[in-house]
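Subject: A structure for you to look at

Hi! Here is the structure I promised to pass on.

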Amino acid sequence: MLDLVVCLISFLYCFSACSAELLSMQPGNKSVLLDLSSTGEASVTFQDPEERIFARVTKFPKAGLLRQYDESGEHLTSDLMGVSNISPTVRVFSWANKVVRFSSQFLLCESNCSSSSQPACICEHEAWAASQILGPPDVFPDYARSELAWTPSLENKGDEFIELEFPFEMYIDAVEIYETFNPGAVKSISTSSNYTLLSRCQQADTSECTESLKWQQLWTKSEDTKSSISVQRANIFSPTLCPNKLKTKVIRIDLDTSSSPGWNALDAVKIVGTIEYPSGLVKDDQNRLVYSIRDGIHGEDEVLVNFSDCSAQLGERLLKLNIESPQSGNFSSSVFHEEDVFLLG
């Protein structure tokens with residue numbers, strides 16, 4: 001077990017004009033817990049997705065090592081973060097290849113084919129069906145109520161949804177929704193880390209199944225947001241997402257069709273992200289990291305952290321750690337500063 005020294009750092013969004021915070025580490029202390037979301041008196045937990053604060057390391061230390069914090073305290077030496085993690089990350093994308101569940105679909109068949117809660121339906125007509133949302137766009141960039149795009153069963157009904165599966169898991173950082181008729185109805189985009197009920201969900205009542213899953217919202221339309229999208233053209237809707245800590249291949253799109261009058265049509269959905277965990281993103285929900293000293297090193301070290309919520313950058317903090325030299329007779333070399341390594345983006 002590491003010799004853990006807990007330091008509560010005053011919580012402050014620090015811009016370039018702000019002075020750095022200095023922590024001093026005595027010889028013999030092997031690690032320090034950096035509590036970035038502490039007020040100095042009590043840690044802050046953000047329950048509302050719109051109020052969560054996300055931390056990302058943009059400059060890594062040289063004298064020590066950063067590790068992700070595990071609340072269980074059993075894996076403080078795992079999940080090493082370091083300079084090797086900040087090399088350019090390969091981004092990948094994929095199109096939806098399976099419809100898991102949906103609220104309704106407009107079909108030229110009997111009414112019991114209109115929802116995924118009625119799996120016994122067999123309909124040879126696929127015009128406007130939920131399955132039309134799969135794969136790359138068939139309609140875009142055209143603006144039309146085409147039978148090649150998913151269209152809910154009723155216009156102006158209100159709440160509708162569709163849950164989609166993709167070929168492989170990734171850390172999603174962008175979603176593109178191709179709206180090809182009356183755009184502007186999307187009200188939220190979510191993902192789930194426990195979407196293991198696929199077969200049961202296809203058979204179950206939609207509300208019961210949804211409540212048994214844990215959804216994490218990646219984006220939510222605020223109540224005072226009004227759509228500025230022209231209803232006379234197709235649109236690729238790609239809002240700024242919350243930083244995503246879940247590796248998944250399933251997303252849920254919720255719509256409010258009454259907010260964009262008329263028939264609404266979604267042609268395709270693409271997700272973009274990385275296979276590897278996002279560089280520098282702090283996993284702990286309370287934004288805690290563990291800083292460990294390298295053996296035989298002393299001097300001043302720095303960690304730069306950027307803060308954001310689900311929609312905007314909030315600022316950054318520069319933490320300076322002073323590692324005191326050991327007593328005479330013990331070998332230790334000072335930190336060699338040749339160049340700074342930054343993570344951009």
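The protein chain exposes about 17,000 Å², and 50% of that comes from carbon and sulfur atoms. Those areas were computed with the Shrake-Rupley method and a 1.4 Å probe, and for residues only the protein chains shown count as cover. Keep in mind that this is a predicted model, where local features need pLDDT of at least 70 and side-chain atom pairs count only at pLDDT 80 or more, while totals for chains, interfaces and linings use all residues. Residues are numbered from 1 along each chain as its sequence is written, and side-chain values use heavy atoms, with hydrogens and water left out.

Of the 345 residues in the chain, 48% are buried. Buried here means under 20% relative accessible area, exposed means over 50%, and partly exposed is in between (1.4 Å probe, protein chains only). The secondary structure comes to 2 helices and 18 strands; these are DSSP runs numbered from the N terminus, with helices (H or I) of at least four residues and strands (E) of at least two.

Now for the inside. In soluble globular proteins, nonpolar side chains tend to be buried together. A nonpolar core is a set of buried Ala, Val, Leu, Ile, Met, Phe, Trp, Tyr and Cys residues joined through side-chain atoms within 4.5 Å. The largest one has 26 residues, and Ile-162, Leu-164, Val-175, Ile-177, Ile-253 and Val-269 have the most contacts inside it. Two or more residues each come from strands E8 (98–102), E9 (159–181), E10 (186–192), E11 (215–220), E13 (247–256) and E14 (265–274). Which strand gives the most to this core? That would be E9, with 7 residues.

Gln-216 is found in strand E11 and counts as buried because its relative accessibility is 18%. Not counting residues up to four places away, Gln-216 touches Arg-52, Pro-243 and Leu-246, among others. Thr-274 sits in strand E14 and is buried too, at 7% relative accessibility. The C-alpha atoms of Thr-274 and Glu-169 are 9.0 Å apart, although 105 residues separate the two along the chain. A polar atom of the Thr-274 side chain also lies 2.7 Å from the backbone oxygen of Glu-276.

Most residues other than glycine have a negative phi, and most peptide bonds are trans. The loop between E8 and E9 holds Trp-128, which has a positive phi of about 65 degrees although it is not a glycine. Asn-156 lies in the loop between E8 and E9 as well, with a positive phi of about 60 degrees. Are these residues buried or exposed? Trp-128 is buried, with a relative accessible area of 14%, whereas Asn-156 is partly exposed, at 38%. Pro-141 is also placed in the loop between E8 and E9, and the peptide bond from Phe-140 to Pro-141 is cis, with omega near 15 degrees.

Last stop: charges. Side chains of opposite charge can pair when their charged atoms come close. Counting a salt bridge as a side-chain nitrogen of Lys or Arg within 4 Å of a carboxyl oxygen of Asp or Glu, the total is 12. In one of them, Arg-101 meets Glu-163 at 2.6 Å, N to O. This pair links distant parts of the chain, with Arg-101 in strand E8 and Glu-163 in strand E9, 62 residues apart. Both Arg-101 and Glu-163 are buried. Asp-284 pairs with Arg-288, with the closest N and O atoms 2.8 Å apart, and these two residues are buried as well. Lys-320 and Glu-302 form a salt bridge at 3.5 Å, N to O. Lys-320 lies in strand E17 (residues 313–323) and Glu-302 in strand E16 (residues 297–308), so their pairing ties together parts that are 18 residues apart in sequence. Salt bridges that share partners join Lys-59, Glu-300, Glu-302 and Lys-320 into one network.

Methods:
Contact means heavy atoms within 4.5 Å. A polar contact is a pair of N or O atoms within 3.5 Å; within protein, one must be able to donate a hydrogen and the other to accept it, and residues adjacent in sequence count only if both atoms are side-chain atoms.
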